[in-house]
Amino acid sequence: MGKTSDLTAVQKTIIDTLHKEGKAQKVIAKEAGCSQSSVSKHINRQAKGRKKCGRKKCTSSRDNRTLQRIVTTNPFKNVGEIHKEWTAAGVSASRTTTRRIMKDMGFRCRIPCVKPLLNKKQRKKRLAWAKDKKDWTDAEWSKVMFSDESKFCISFGNQGPRVWRKSGEAQNPRCMRSSVKFPPSVMVWGAMSSAGVGPLCFLRSRVNAAVYQEVLEHFMLPAADQLYGDADFTFQQDLAPAHSAKTTSTWFKDHGIPVLDWPANSPDLNPIENLWGIVKRRMQYARPNNAEELKTTVRATWALITPEQCHRLIESMPRRITAVIEAKGAPTKY
């Protein structure tokens, strides 16, 4: 004979059914194969009108709806601001209660995703571009070389390890991380295709049309030879001023390289953005001391990118395009 907590779902169903039929608890216990005390406790737990244990809640359902409305109206407020506005509405609750109820509602404090701001014209062009490319196959996308620039800093903001420390050790050098107001950084140009990644270029100055054409000459062309050999390919780039300059367009024509038309402010469509994210996450626990060590770390991490990873990212292009169409040109999760 098991305890009440050991009753199976079948036993509970038998007890409920026989109890509704007016059977005695002794008979029910025999039919269900458990003790009579277990039957009695189960029936009492199911009895209507039984008062709940514990302290009475200090807020009503109406108060909770008010809190939810405050949070959803401005989700960027901190707990203190939300609590102040909630109590100003006549609710008597502590800040801890405010945080707990928000957590019970499913709210979690997270770093917000950043998406480009698009105007109506840009959304319309993105939607038209996506509709034009929606029938492209994986084989067609594999012929596209995607490129982009990205900035790498010695300090990656709030990313990095936390520290285990005791009370009073906050200023202990062993428990502190060094930071500077303007941490050393490097700007990197890279390219990828479904076959893998090309060599990186560390940009030493502001990128204008002349500098960008040097990058194309000394890094993009070798990357094309490495990834495509003698096969034809199409080059992708965003609409940065150096990329869309007339002299740059002339350079592509002179070299016979077709350039993929690209909508403005569309990093969510470029799979190399995900590749930069992979590299930065892998570098999360690296601690280079200067720009040269940072470059070495970036090169080493970039070299670990496999062709399989690149191929999977290129295969996501149809899904990205579908997402843009469904969003009617608005930014997507990618």
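## What the words mean in this model

User: The lining of the largest pocket divides into 10 nonpolar, 1 polar and 5 charged residues. What makes a residue count as nonpolar, polar or charged?

Analyst: The residue type decides. Ala, Val, Leu, Ile, Met, Phe, Trp, Tyr, Cys and Pro count as nonpolar, Asp, Glu, Lys and Arg as charged, and the others, including Gly, as polar. Please keep in mind that this is a predicted model, in which local features need pLDDT of at least 70 and side-chain atom pairs count only at pLDDT 80 or more, while totals for chains, interfaces and linings use all residues. Residues are numbered from 1 along each chain as its sequence is written, and side-chain values use heavy atoms, without hydrogens or water.

User: Why is this called a pocket, and what makes a residue part of its lining?

Analyst: On a 1 Å grid over the protein atoms alone, a pocket is an open set of points with protein on both sides within 12 Å along at least five of seven lines, whereas a cavity is a set where a 1.4 Å probe fits but cannot get out. Lining residues have an atom within 4 Å of a point. The volume of the largest pocket is about 560 Å³, a volume being the space filled by probe spheres set on points that are joined across faces, edges and corners. Its lining has 16 residues, and Pro 75, Met 102, Arg 108, Cys 109 and Arg 110 are the closest to the pocket's centre. Helices H5 (79-88) and H6 (95-104) are the elements that give two or more residues to this lining, and H6 gives the most, with 3.

User: What makes a stretch a helix or a strand here?

Analyst: Both are DSSP runs numbered from the N terminus: helices are H or I with at least four residues, and strands are E with at least two. By that rule the protein has 15 helices and 5 strands.

User: How do you know that Glu 85 and Lys 77 form a salt bridge?

Analyst: A salt bridge needs a side-chain nitrogen of Lys or Arg within 4 Å of a carboxyl oxygen of Asp or Glu. The N to O distance between Glu 85 and Lys 77 is 2.3 Å, so the pair meets the cut-off. The structure holds 7 salt bridges. Another joins Arg 126 and Asp 268, whose closest N and O atoms are 2.9 Å apart. Arg 126 lies in helix H7 (residues 120-133) and Asp 268 in the loop between H11 (246-255) and H12 (271-282), so this bridge ties together parts that are 142 residues apart in sequence.

User: What makes a group of residues a nonpolar core?

Analyst: The members are buried Ala, Val, Leu, Ile, Met, Phe, Trp, Tyr and Cys residues, joined through side-chain atoms within 4.5 Å. The largest such core has 32 residues, and Trp 129, Trp 141, Phe 152, Met 192 and Leu 275 have the most contacts inside it. H12 supplies the largest share, 5 residues. A second, separate core of 19 residues includes Cys 201, Ala 223, Tyr 228 and Phe 252. In soluble globular proteins, nonpolar side chains tend to be buried together.

User: How do you know that Thr 248 is buried, and which residues does Thr 248 touch?

Analyst: Thr 248 lies in helix H11 and has 0% relative accessibility, so it counts as buried. A contact means heavy atoms within 4.5 Å. Leaving out residues up to four places away in sequence, Thr 248 touches Ala 209, Tyr 212, Gln 213, Leu 216, Ala 242 and His 243.

User: What makes the phi of Asn 265 worth a look?

Analyst: Most residues other than glycine have a negative phi. The phi of Asn 265 is near 50 degrees, a positive value. Asn 265 sits in the loop between H11 and H12 and, at 37% relative accessibility, counts as partly exposed. Lys 328 also has a positive phi, about 60 degrees, although it is not a glycine.

Definitions and conventions: Buried means under 20% relative accessible area, exposed over 50%, partly exposed in between (1.4 Å probe, protein chains only).
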